Amino acid sequence: VLAGHGLFLLGCGWYGAKISGWTAMHSLYAGAGGGAALGVCGLLTVGGTRKLYMIGVHVGLLLQLAFSAVFGLQAWRSYGVPAKADRFPLFVVMCGGSVLALGLMRAFKPKAKEKK
């Protein structure tokens with residue numbers, strides 16, 4: 001889920017830069033940076049030790065929560081502003097994708113083992 005969300009953010013960043021005529025390269029850089037951070041968290045989850053797993057999952061969850069809030073705020077601020085009308089749909093998609101990824105992390109949470 002973390003790696004998929006990272007690739008999604010990278011793709012959205014690329015698209016944001018493309019629709020601006022490659023003038024808003026910060027969109028690509030932010031997408032790549034966010035995607036890389038989530039990718040590192042994903043790698044930590046398969047690091048082999050419980051400590052690395054827990055760090056990767058929990059930092060990844062915090063990043064997903066932050067991305068959801070930031071993209072939601074950006075969508076809210078750009079709603080109805082003619083100068084930002086081209087970016088509004090992208091912010092909505094990025095917010096929705098981040099919320100979906102956060103929900104998938106919750107859905108795929110391992111079940112606690114029963115103690116005997």
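These are my notes on one chain, from its overall fold down to single residues.

**Overall.** I began with the source of the coordinates: the model is predicted. I counted the secondary structure and found 4 helices and 0 strands in the chain. Read along the sequence, the order is α-α-α-α. I then took the extent of the C-alpha atoms along the principal axes, and they fill a box of roughly 60 × 25 × 15 Å. Of the 116 residues in the chain, 29% are buried. I also looked at how far apart in sequence the contacting residues lie. Among contacts between residues at least 6 apart, 59% join residues at least 24 apart.

**Helix α4.** I checked the length of α4 (88-107) against expectation. At 1.5 Å a residue, its 20 residues should span 28 Å, and the end C-alpha atoms are 28 Å apart, so the two values agree. Next I listed the buried residues of α4, which are L90, F91, M94, C95, G97, S98, A101 and M105. Seen down the helix axis, these buried residues fall within an arc of 165 degrees, so they line one face of α4. For background, I noted that an α-helix has 3.6 residues a turn, so residues three or four places apart point the same way. On the other side of α4, I found L100, R106 and A107 exposed. I asked what covers the buried residues of α4, and the answer includes α1 (2-19) and α3.

**S98.** S98 lies in helix α4. I read its relative accessibility as 0%, and with buried set at under 20%, S98 counts as buried. I set aside the neighbours within four places in sequence and listed the remaining contacts of S98: H5, F8, L9, Q64, F67, S68 and F71.

I moved to the loop between α3 (50-78) and α4, where D86 lies. D86 has 44% relative accessibility and counts as partly exposed. I took the C-alpha separation of D86 and S68, which are 18 residues apart along the chain, and got 20 Å. I then searched for salt bridges, and the count came to 1. The side chains of R87 and D86 form it, with 3.7 Å from N to O. The cut-off is 4 Å between a side-chain nitrogen of Lys or Arg and a carboxyl oxygen of Asp or Glu, so the pair qualifies. Side chains of opposite charge can pair when their charged atoms come close.

**Largest pocket.** Last, I looked at the pockets. The largest pocket has a volume of about 540 Å³. I listed 19 residues lining the largest pocket, and the closest to its centre are Y53, V57, F108, K109 and P110. The elements that give two or more residues to this lining are α1, α2 (25-45), α3 and α4. Which element gives the largest share of the lining? I found that α3 does, with 6 residues.

Technical notes:
Residues are numbered from 1 along each chain as its sequence is written. This is a predicted model: local features need pLDDT of at least 70, side-chain atom pairs count only at pLDDT 80 or more; totals for chains, interfaces and linings use all residues. Side-chain values use heavy atoms; hydrogens and water are left out. Buried means under 20% relative accessible area, exposed over 50%, partly exposed in between (1.4 Å probe, protein chains only). The expected span of a helix is 1.5 Å times one less than its number of residues. The arc is that of the directions from the helix axis to the C-beta atoms. Contact means heavy atoms within 4.5 Å. On a 1 Å grid over the protein atoms alone, a cavity is a set of points where a 1.4 Å probe fits but cannot get out, and a pocket is an open set with protein on both sides within 12 Å along at least five of seven lines; lining residues have an atom within 4 Å of a point. Grid points are joined across faces, edges and corners, and a volume is the space filled by probe spheres set on the points.
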